[in-house]
Amino acid sequence: MRYILIGRGKMGRLIQETAQTAGDEIEAAFGREDLDRLGKLGRVADVVIDFSQPGALPEIASYVRRTGTPLLSGTTGFTPDQLRQLESLGSSAPVLWSANYSLGVAVLCRALAAVSGVLKPDFDIELTETHHNQKADAPSGTAKLLLEAMDPAHALTPVYGREGNTGRRRKEEIGVHALRGGTVAGTHTVHFFGPDEELEFTHRAASRQIFVNGALHMARLLPGKPNGVYDLQKILFGA
């Protein structure tokens, strides 16, 4: 496989090292300071892999539209408008975006979708996420992914932390709490608090390598697919 990498952060460097160890070729790698060079390239790779910042989207979108190169993105922090721009690229190439490429998180999303409908009438839901002290966005993209799995109809109101005397917790709330510190790769816990019982789901990432392995696995599946926006859950589980 041949890749163009966008992003020279820790994830970008680890993707490059892992891909090259597996025998893949890195045709080009760009960071914030030289991303404009992407506009001078033709179609030289099988997939563009983006783990950068939302601000890189215009350059990436222009390249994908011009060359039709499949795009796999793991960038988080997109605004709703930027996500719509990303999804619009499906008319030009196969596109896959996910906030998390861990197989364990994919299974967790599926489990939460199955149980939350049963528990929501009688259980209060709270979500905590913990990441390293250099993470720029909060709540994490994975936290938003878990929220969507539990409440796809957006019937609940996210409450991001709590402060002051605002009265009792409302039934339609779902609490979201972001912790930042040290070098934590990522821990996400969903608490279901019911009458006299509690159910808890936790995923802990020991390192970024699990995200890299998942992203490269999915990248190898994109070439040859029809243009369109692909869903990680549907590719993994077929539904």
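Student: Why is S73 called buried?

Tutor: S73 has 1% relative accessibility, and buried means under 20% relative accessible area, with exposed over 50% and partly exposed in between (1.4 Å probe, protein chains only). So 1% puts S73 in the buried class. Before we go on: this is a predicted model, where local features need pLDDT of at least 70, side-chain atom pairs count only at pLDDT 80 or more, and totals for chains, interfaces and linings use all residues. Residues are numbered from 1 along each chain as its sequence is written, and side-chain values use heavy atoms, with hydrogens and water left out.

Student: Where is S73, and what does S73 touch?

Tutor: S73 is in strand β4, residues 71–73; strands (E, at least two residues) and helices (H or I, at least four) are DSSP runs, numbered from the N terminus. Contact means heavy atoms within 4.5 Å. Skipping neighbours within four places in sequence, S73 is in contact with D50, F78, L96, W97, S98 and Y101.

Student: What makes the S73 side chain and the backbone nitrogen of T75 a polar contact?

Tutor: A polar contact is a pair of N or O atoms within 3.5 Å; within protein, one must be able to donate a hydrogen and the other to accept it, and residues adjacent in sequence count only if both atoms are side-chain atoms.

Student: On to α4. How do you know what span to expect for α4?

Tutor: The expected span is 1.5 Å times one less than the number of residues. Helix α4 (residues 103–119) has 17 residues and reaches 24 Å from its first C-alpha to its last, close to the 24 Å expected.

Student: What is the kink in α4, and where is the kink centred?

Tutor: The kink is about 25°, centred on A113. The bend at a residue is the angle between axes fitted to the seven residues ending there and the seven starting there.

Student: What caps the N-terminal end of α4?

Tutor: S102 does, with a side-chain oxygen 3.1 Å from the backbone nitrogen of G104.

Student: How do α4 and α5 cross?

Tutor: Their axes come within 7 Å and cross at roughly 30°. The contact involves V105, L108, C109, L112, A113 and S116 of α4, and T142, L145, L146, A149 and M150 of α5.

Student: What makes H154 and D196 count as exposed?

Tutor: H154 has a relative accessible area of 54% and D196 has 85%, so both pass the exposed limit. Neither is a glycine, yet H154 has a positive phi of about 55° and D196 a positive phi of about 65°.

Note on methods:
Axes are lines fitted to C-alpha atoms, for helices over the stretch in contact, and angles run from 0 to 180 degrees between N-to-C directions.
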